[in-house]
Amino acid sequence: MFCVLVVSSIDLETDTPTVKPSTFLNSSIKDDVINVNNDYRYMKTGYYVSLHAEILGDRVIPSTKDCVDAYRVPILLLRAAKRGVPTIPFLITDSPKRIIQEFGLPVIVFPLSPFTFNRLTVIKSRSTLYKSIKKLSFNHRYTVCAQPLYGELISCKSFFGYCHRKDLDVKDTARKVYQIFRIPLCKLLIQKSRDSIYLCGLHPLNMDEITVSDFVKISRILSRGEGLFD
């Protein structure tokens, strides 16, 4: 089938030909590319590896469009919902009053300014909501994405859509999100209520969150190879 495997500082044991991003970015390699990185946000190394592959005309996972869409919460949720993934309702605004009218409290809030990454903030009181919205929106210059907090907020690491958690519905969500966005390594944010789960965000992984056993799992997936481009 394959392929060039581009790895940042992740040392994998796989039969697939592997190069470092610095090598790939200075090359004109023509092949299918699987871009394995812990962070694909705009202007990060993972993003530029995919961009370089696209400029060369290579087929690449993930695409730069998917990299950008997956980390912008409203776009993530809209695209996922269209493909049947349960998602949480959201509101784009800089108005604490509208958030309370729409959802009440507690809520979770993601900043949407181009200068901040969309780390979520859990807000449980009216006074904290007003202070947080002012801070996260840069004094109401930008909007935020607010979501109601229905239940337990969990995160799970996803490696090519494989999730380590036992919950079958969480595993199914991870698989579907990978089929839509093709982000090889990421952390999914999910709300779990009494009888359902809802996708509410996607974050990059910190390098220290990827364990030795994770390296083994990723290596095995890449060695098998089947279906990664399907």
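A: Contact here means heavy atoms within 4.5 Å. The model is predicted.

Start with Asp-66. This residue lies in helix H3, residues 64–71. Its relative accessibility is 11%, so Asp-66 counts as buried, the cut-off being under 20%. Leaving aside residues up to four places away in sequence, Asp-66 touches Arg-79, Ile-180, Phe-181 and Ile-183.

Arg-79 leads on to helix H4. H3 and H4 pack at an angle of about 105 degrees, and their axes are 5 Å apart. That angle makes H3 roughly perpendicular to H4. On the H3 side, the residues that meet H4 are Lys-65, Asp-66, Asp-69, Ala-70 and Tyr-71. H4 contributes Val-73, Ile-75, Leu-76 and Arg-79. Sorted by class, this contact has five nonpolar and four charged residues, and no polar ones.

Now H4 itself. Its buried residues are Val-73, Pro-74, Leu-76, Leu-77 and Ala-80. Around the axis they cover an arc of only 160 degrees, which puts them on the same side of H4. They pack against H3, strands E5, E6 and E8, helix H7 (168–181) and strand E12. After H4 comes Gly-84, with a positive phi near 90 degrees.

Next, the sheet. Four strands form an open sheet in the order E5-E8-E6-E7, with antiparallel pairing. Its edge strands are E5 (91–93) and E7, each of which pairs on one side only. From one strand to the next, the twist averages 30 degrees. H4, residues 73–82, packs on this sheet and touches E5, E6 and E8. The direction of H4 makes about 50 degrees with that of E8. Helix H5 also lies across E5, E6 and E8. H5 runs at about 165 degrees to E5. At the E7 end, three bridges join E6 to E7, and the two strands run antiparallel. Val-107 has Ile-123 in E7 as its bridge partner.

H6 is followed by Phe-138, whose phi is positive, near 55 degrees.

Last, back to E12, one of the elements that the buried residues of H4 pack against. Seven of the seven residues of E12 (197–203) are buried, so the strand is largely enclosed by the rest of the structure. Strand E11, residues 185–192, pairs with E12 in the antiparallel sense over six bridges. Opposite His-203 in E12 stands Lys-187.

Notes:
Residues are numbered from 1 along each chain as its sequence is written. This is a predicted model: local features need pLDDT of at least 70, side-chain atom pairs count only at pLDDT 80 or more; totals for chains, interfaces and linings use all residues. Side-chain values use heavy atoms; hydrogens and water are left out. Buried means under 20% relative accessible area, exposed over 50%, partly exposed in between (1.4 Å probe, protein chains only). Two strands pair if DSSP finds at least two bridges between them. Axes are lines fitted to C-alpha atoms, for helices over the stretch in contact, and angles run from 0 to 180 degrees between N-to-C directions. Angles under 35 degrees count as roughly parallel, over 145 as roughly antiparallel, 65 to 115 as roughly perpendicular and the rest as oblique. Ala, Val, Leu, Ile, Met, Phe, Trp, Tyr, Cys and Pro count as nonpolar, Asp, Glu, Lys and Arg as charged, and the others, Gly among them, as polar. The arc is that of the directions from the helix axis to the C-beta atoms.
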